[in-house]
Amino acid sequence: MKLIAAVIKPFKLDEVREALSEVGVQGITVTEVKGFGRQKGHTELYRGAEYVVDFLPKVKIEIAIEDTNLEEAVEAISKAAHTGKIGDGKIFVTELEQAVRIRTGETGEDAL
Amino acid sequence: MSKKYLPKPAWLAAAGMLALPGLAFAQANTPSVNAGNTAWMLTATALVLLMTIPGLALFYGGMVRAKNTLSVLMQCFAICCLVTLIWVLWGYSVAFGGQGAYWGGLSKAFMAGVGVDSVSGTIPETVFSTFQLTFAIITPALIVGAFVERMKFSAMLWFIGIWVTLVYFPIAHWVWGSGGWLGGDGVQDFAGGTVVHINAGVAGLVCALVLGKRSGFPRTMMRPHNLGYTLVGASMLWVGWFGFNAGSELAADGVAGMAMLVTQIATAAAALTWMFVEWGSHGKPSVLGICSGAVAGLVAITPASGYVGPMGAIVVGAGGGFFAYYAVTMLKTRLGYDDSLDAFGVHGVAGIVGALLTGVFSSKSLGGAGLSDNASSIIGQVGIQALGVGVTIVYCGVVTLIILKVLEAVMGLRVSPEDENTGLDLALHDESAYDL
């Protein structure tokens, strides 16, 4: 099993969710986050006072997935979240040791 | 405030004789109330109160950080209540009670002699007094913009109470009170550019200097937390200002109508001036910019509103917006004081610009209503205006400084660094504006 953590532009969330549904992903977890990468922040100006905003709002989605579906899901995210402009985000994939469905007690891939 | 009291129209007196023959002789000999003027002044009074609560409170409240929102709303609201009681106890009398050159005396303290039948000009004295009260409320409330996010609430109440007594009431008397020495010198200040705006702006600057900067200024991020509030507040100020300027005629007549028109024109001109200057120098027009410009325009046209014509109003507004923009973006940065919400930059600077330009555009040759009797030329009138401005700056600056220094020694002016960091809403009021 793998855990995908993708940080994307907030306005791309709906497209990413639809693309993941199409490749059969059953559930995702979404968190509103802030951060910076190569895009850096931006500046805001109030009556001449300039403030550098270091952290930009992003959305982080997490998906636990079977190894066989990994490629499809990663591709779905990177296609749907792509704008070609700086700040599109990143996708991280890590090993997932265990999963438990709390209601039934199922474990491993059965729990996904 | 215009001191022109219109004679009661003859047809109205005639109608009165037909309807109430028994009262006709009494009306002919004593000052009488004009119903139309009274109706307008009742309305104008409510409009000017709306400028402070909630207009100014929201305008300022949106510009502070979220953790200080309630403290600003609270300051404006409490000032409204405090000044009201001081006004009826002694304020009205000191400002408008008598004929002195420097103060009005205490003959009307506790509203002595002000009853249902008292008349001031062509309106009931109760209406005149309440109308003037709303000016006495907004002036100290404007100063709040200079000391937000760091002043102790208790010290603020003492400061405002003493300040209106020692600074506002006397200056209001000098310019508007009968026998006041500045009004007698021919200073043209229709609705309070000197008394209200320069006065509040200079007091704000002194507050900013004495209290010192907010901790972290200017490096820490202190961006406005809700510019939607600010726009709503600026809009209420704009609407309420019709009561402020057109109401200052104290009558429902042509001068009031012109005051309303030039107020609208100057505000629009100043808002667009600020927007375009900002757009040109920084690349984007901003909501805070256009709102600030509108308020600067309202301030600038205040002294001029009963004296200038429509085209003069465009110049007065544009001048106010232009100079206030440079005051808040360049002057403040260069000198490094923390006039947090630009009480001086907007009200002081646009007030001075408006007061001086009033002396130019009140000239009949430039479409105005005419210079004062004491001036033979535009330059002469501008000189008289400059005298009014200078006296206000010096008197207000010195007395404000003394009040603050005494209070600082007696009780301290600032909250503790810890409370400042927590935010005044929680630290001083045990409340928070938002539960998000």
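Start with the contacts of chain B, where a contact means heavy atoms within 4.5 Å: among those between residues at least 6 apart in sequence, 79% join residues at least 24 apart. Keep in mind that this is a predicted model, with pLDDT of at least 70 needed for local features and 80 or more for side-chain atom pairs, while totals for chains, interfaces and linings use all residues. Side-chain values use heavy atoms, without hydrogens and water, residues are numbered from 1 along each chain, and chains are lettered from A and ligands numbered from 1 as written.

Now colour chain B by secondary structure: you'll get 16 helices and two strands, taken as DSSP runs (H or I, at least four residues, for helices; E, at least two, for strands) numbered from the N terminus.

Next, select Y60(B), F159(B), W163(B) and Y168(B). They have the most contacts inside the largest nonpolar core, which has 127 residues. Such a core is a set of buried Ala, Val, Leu, Ile, Met, Phe, Trp, Tyr and Cys residues joined through side-chain atoms within 4.5 Å, with buried meaning under 20% relative accessible area (1.4 Å probe, protein chains only). Show helix 6 of chain B, residues 153-176: it gives the most to this core, 15 residues.

Zoom in on W163(B). Leaving aside residues up to four places away in sequence, its partners include T139(B), P140(B), N199(B), C396(B) and I403(B).

Hop over to chain A for V25(A), V59(A), I65(A) and A73(A), which are among the 17 residues of a second, separate core.

Finally, zoom out: of the 436 residues of chain B, 57% count as buried, and its C-alpha atoms fill a box of roughly 70 × 45 × 40 Å along the principal axes.

Definitions and conventions:
Buried < 20%, exposed > 50% of the residue type's maximum accessible area, 1.4 Å probe, protein only.
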